[in-house]
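Please work through each task before reading its solution.

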Amino acid sequence: MTGTAETTTTTPSTTSTPSAAPAAAPDTTDIRPLMASFPSGVSVVTALGPDSAPRGMTCSSLASVALDPATLVVCLRTAGPTLRAALDSGHFALNLLHEEARAVSDLFASGSTDRFAHAEWRLPLGAAGPHLTEAALAVADCTVVHAVEIGDHTAVFGRVTRVTHTDGRSPLLYGRRRYARWSAAASAPAPEARPAPARALPAPALAVPSPLEGEARVGS
């Protein structure tokens with residue numbers, strides 16, 4: 001059988017390559033004014049570096065994560081030596097400051113390189129990091145179980161292995177860029193209770209006279 005050859009003509013494509021999308025602008029949202037409106041307690045997170053030198057920084061970004069197993073999270077500056085010490089050693093101590101320890105909070109928030117020379121501390125047997133004995137009302141020793149780097153801070157999750165209460169002092173508070181005392185806030189008089197508005201009585205039903213016997217009623 002003799003066949004006829006089929007010829008196919010290909011048309012050159014005229015589709016152009018799309019240009020690259022412009023780079024997204026960096027996020028410049030400043031959440032500090034927002035978080036300043038959320039008062040919190042104040043802590044100092046401490047750890048031991050590889051040279052056994054103490055490291056520590058003031059931290060108000062912390063929260064409990066779970067009760068069983070007891071776990072909390074602290075947010076530490078990614079470029080700071082305290083984070084490096086906590087991750088390298090696998091441990092850190094969370095020192096919750098009492099309301100007389102404002103100077104210690106300022107010290108560990110400063111750029112001072114000899115912070116521990118100006119604060120009383122000790123390292124009890126089994127401690128995960130230095131305990132600030134004169135400034136803390138409670139200390140939690142923690143083992144690092146997870147860490148997530150998010151920009152300039154790293155969230156460090158710690159399994160709490162021991163909690164030490166030092167005394168019955170009240171906690172130090174911080175919000176709107178200033179300190180406050182828990183004892184002062186707790187002793188403020190409660191706002192006066194306003195009397196509940198009187199309930200409106202229902203309007204009495206109008207008595208409808210019965211039609212007289214033999215009287216025609218509309219619609220009957």
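**Exercise 1.** Identify the bridge partner of Tyr-174 in β10, and then place the strands in their sheet.

*Solution.* Step one: Tyr-174 has Tyr-179 as its bridge partner in β10. This is a predicted model, in which local features need pLDDT of at least 70, side-chain atom pairs count only at pLDDT 80 or more, and totals for chains, interfaces and linings use all residues. Residues are numbered from 1 along each chain as its sequence is written, and side-chain values use heavy atoms, with hydrogens and water left out.

Step two: β9 (residues 172–175) and β10 run antiparallel and are joined by four bridges. Strands are DSSP runs of E of at least two residues, and helices runs of H or I of at least four, numbered from the N terminus; two strands pair if DSSP finds at least two bridges between them.

Step three: the open sheet has three strands in the order β1-β9-β10, paired antiparallel. β1 (40–41) and β10 (178–181) are at its edges with a single partner strand each, so one side of each lacks a neighbour in the sheet.

**Exercise 2.** Locate His-131 and determine whether it is buried or exposed.

*Solution.* Step one: His-131 lies in the loop between α3 (102–109) and β7 (136–150).

Step two: its relative accessible area is 5%, so His-131 is buried (under 20%; exposed is over 50%, partly exposed in between; 1.4 Å probe, protein chains only).

Step three: beyond its neighbours within four places in sequence, His-131 is in contact with residues including Asn-95 and Val-139 (heavy atoms within 4.5 Å). Asn-95 stands opposite Val-139 in β7.
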